[in-house]
Amino acid sequence: MSKGVGIMVKAGILSIAKNNEELLSNEESHRVKVVRKYLENEGYKVVSTKTIENNQKVIEEELKYMSDILNLDLVFTVGGIYCYEEDVTPEATKNVVHKETSGIAEGIRCFCLQLSKKIMLSRGVAGIRNKTLIVNLPETTKLIIPALDFSLDIIKSSIEMINGKNNLV
C-alpha cells in the first residue's frame, strides 16, 4: 500500500528525451531514477518507465498505452514542457486526458517559483484519462524533488477520488 493511500498505486514514468543519446541509451535517465526512487520510497509500485522521443504522436500513444492497457493509477512525464519549439508534452497530454486537473500543475508551478524563475516558462499540465492521473513534472532534478514534496499529498487524494475512495470534507 502506498503511504497514506488506501490503495496500492501503480505508477509509470515517461521521460521525454532531450537528445538522441538519451533516447538510445539502454539505461534509465537520471531524471527517471530520481522520480522512481522517490515514488518507491513513498510506497508506490513503479510498473513502467520509458524514455521516448519528443514527438507529440509518440507521447500521446505512450500515455494512452500506460492508461488504457497498463491501467496505471498515475503517470508522471518528465521533460518537454518548456517553450522550446520541439516541446510538445503539454499538447500531447491535453489531447489524451478527459478532464484537466489544472490546479495540480498550477500549484507545482507556483511552489517551484520560489526556487527558479524559469518555471514561469513551464507549460506543464495535469489531467485524468479513464482512471489514470497524468502529471507533467518539471524537467530538472533541481525542481523535481521539491515539486513531488509539495504535490504528492494532493496527488494521492486525487487518485483516491478518481477511484471513489475519498471525499472532500
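In which loop does Ala-17 lie? Ala-17 is found in the loop that joins strand 1 (10-16) to helix 1 (20-24), where helices (H or I, at least four residues) and strands (E, at least two) are DSSP runs numbered from the N terminus. This is a predicted model, in which local features need pLDDT of at least 70 and side-chain atom pairs count only at pLDDT 80 or more, while totals for chains, interfaces and linings use all residues. Residues are numbered from 1 along each chain as its sequence is written, and side-chain values use heavy atoms, with hydrogens and water left out.

**Overall form**

- The protein has six helices and six strands, and from the N terminus its elements follow the order β-α-α-β-α-β-α-β-α-β-β-α.
- The radius of gyration, taken over C-alpha atoms, is compared with a globule rule of 2.2 Å times the number of residues to the power 0.38; because a compact globule of 169 residues would have a value near 15 Å, the 15 Å of the protein agrees with that expectation.
- Along the principal axes, the C-alpha atoms fill a box of roughly 45 × 35 × 30 Å.

**Burial, surface and contacts**

- Of the 169 residues, 51% are buried, a class defined by under 20% relative accessible area, against over 50% for exposed and in between for partly exposed (1.4 Å probe, protein chains only).
- The protein exposes about 8,600 Å², and carbon and sulfur atoms supply 50% of this area, as given by the Shrake-Rupley method with a 1.4 Å probe.
- Among contacts (heavy atoms within 4.5 Å) with a separation of 6 or more, 76% are between residues 24 or more positions apart.

- Six strands form an open sheet in the order 2-1-3-6-5-4, with mixed pairing, and its edge strands, strand 2 (45-52) and strand 4 (99-100), each pair on one side only.
- Two strands count as paired if DSSP finds at least two bridges between them; strand 5 (residues 126-129) and strand 6 (residues 132-137) pair in the antiparallel sense over four bridges, with Ile-128 standing opposite Leu-133 of strand 6.

**Surroundings of Ala-17**

- Ala-17 counts as buried because its relative accessibility is 9%.
- Apart from neighbours within four places in sequence, Ala-17 is in contact with Glu-22, Leu-23, Arg-31, Thr-51, Ile-52 and Asn-54.
- The C-alpha atoms of Ala-17 and Gly-80 are separated by 8.0 Å, although these residues are 63 residues apart along the chain.
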